[in-house]
Amino acid sequence: NSHSRPSASLLREQAYINGQWLSGAQQFAVHNPASGALLARVADLGAAETCAAIQAAHAALPGWRALTAQQRAAMLLRWHALILQHQQELAALISQEQGKPPAESTGEIAYGASYIEWFAEEGKRVYGEVIPSPFSDKRLLTVRQGVGVVAAITPWNFPHAMITRKVAPALAAGCTVVLKPAAETPLSALALAALAEQAGLPPGVFNVVTGTDAVGIGAELTGSPLVRALSFTGSTAVGKLLMRQCADTLKKLGLELGGNAPFIVFDDADLDAAVQGALFAKFRNSGQTCVCANRLLVQDGIYDAFAAKLAAAVAALQVGPASEPGMQQGPLISQAAVAKVQRHIANAVSLGARVLSGGAPHARGGNFFQPTVLADVTEQMQVAQEETFGPLAPLIRFHDEAEAIRLANSGESGLAAYFFSRDVSRCWRVAEAIEAGMVGINEGAISTAVAPFGGIKQSGLGREGGRLGLEEFMETKYLCFGGI
Ligand code: ADP
């Protein structure tokens, strides 16, 4: 592996705790998933440093909480402006450590930064209420306060935006934060810390603990009585584990876990719009998002036309490294991710599915995989039951609306769902019947900082973004004023 160091002024290999940059006794390697090239060697910290970071966050809490929302917003908006000033450099870091094409990584920086702007503003609108009193000598009211020290654990698929959408509302609410980013993609997190420092965030307010010992760091974050809330995005299995670990100290929990999103195309859909929606909802980030369409449910009358158009569009996608112009599909994050896609294809084909497009590792080798469309998929196949997290679109045929809803709601996930129909009555019926926290109706792109993002069933707890995103990091305190 050649050492192709990113030429970025925001490249940091040290962790950031209490306003200090720390090398640690050991370092771990960060690689480009497109080439395997070594990008950096980052501080490999563990439980002891995590404990120090929690203490720093705890010590910084009174000062940060005592600022007015306007003062916190001013710092957050400086951070936001610095991020946008460095958009290209930050996007390059994402593309290098995560692999997505430049158009997507540039978009991720704009999207991630928008959470900081939104919550800087929302922080000024944390209203309490005055409750009409049933007692003549008492007055009742509520105030809302930040919950305290927040732990955030984030995944590799959006190395920038998954951080800002937790950290921005926490900081705006007057909380301080200890972040553990994914070990695959720590560089975007550290670059954010470097800009937070430039923006003037006081030491201890935002700490980044990098490391490969997720279990040890996680045990410290979930076990510490000083940490009052945990916000996690990642796999359902780890989310459940962290929830159990948080039980002893009864932390407030925000969990954004896996999905198995249905994408329904009814006979009355606009065919071209449905194909475009499916391309975005399935193949963005090479299928590695928790809201990716995982099961494409297509009605009899439009099935063949949709399958043909989608397969042609998918075959035309340009697969390659972010460093080559015009690429639309980057590599998967790892060989394990490639193996999972292959497993789903092999299982489906063995049970009667047909490959319409792709179906195998890409000629570029490494972690590259051909974007794939499978027809004649049934609900019994693995691909219909588990999140693939890769560039594989399985087409499942259905006959009527009731069957579509039954298929869509099967299983334990309930994150995103999508459907395409031009019948207004059907749109209302299906939107109300579908078990998901987010529903795209004639739309494949649903994420925005101003709307609540999150799941029901086993896809998680709580919402990120929108007005509700701030609630996750606040408590309501009731004041009963007597003797009047
Ligand atoms: P993914 O499949 O996206 O890697 P994970 O749930 O394994 O999903 O990882 C999401 C985040 O959770 C990463 O930052 C990872 O390091 C962290 N993580 C994984 N296992 C644990 C654990 N036992 N305790 C705390 N954090 C964990």
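A: The following account treats the ligand shell, then the annotated position, then the sheet.

The model is a predicted one. Around the ligand there are 14 residues, and those that come nearest are Ala214, Gly218, Gly234, Ser235 and Val238. Two helices, α7 (214–223) and α8 (236–247), each contribute at least two residues to this shell. Sorted by class, the shell comprises nine nonpolar residues, four polar residues and one charged residue.

As for the annotated position, an unreviewed UniProt entry lists Glu256 under "active site". Glu256 belongs to strand β11, which spans residues 252–256. Is Glu256 buried or exposed? Glu256 counts as buried because 28 C-beta neighbours lie inside 10 Å, and the cut-off for a buried residue is 20 or more. When neighbours within four places in sequence are left aside, the contacts of Glu256 are Thr233, Cys290, Gly454, Gly455, Gly460 and Glu464.

The sheet to be described is open and consists of three strands in the order β5-β6-β20, with antiparallel pairing. Its edge strands, β5 (130–131) and β20 (474–481), each pair on one side only. Strand β6 (residues 139–146) runs antiparallel to β20, and eight bridges join the two. Within the sheet, Leu141 is placed opposite Leu479 of β20.

Technical notes
Residues numbered from 1 in each chain as written. Predicted model: local features only at pLDDT ≥ 70, side-chain atom pairs only at ≥ 80, totals over all residues. Near = placed C-beta within 6 Å. Helix = DSSP H or I, 4+ residues; strand = E, 2+ residues; numbered from the N terminus. Nonpolar A, V, L, I, M, F, W, Y, C, P; charged D, E, K, R; others polar. UniProt positions renumbered as here; feature names shortened; annotations may be inferred. Buried ≥ 20, exposed ≤ 12 C-beta atoms within 10 Å, placed from the backbone. Contact = placed C-beta atoms within 7 Å. Pairing = 2+ DSSP bridges.
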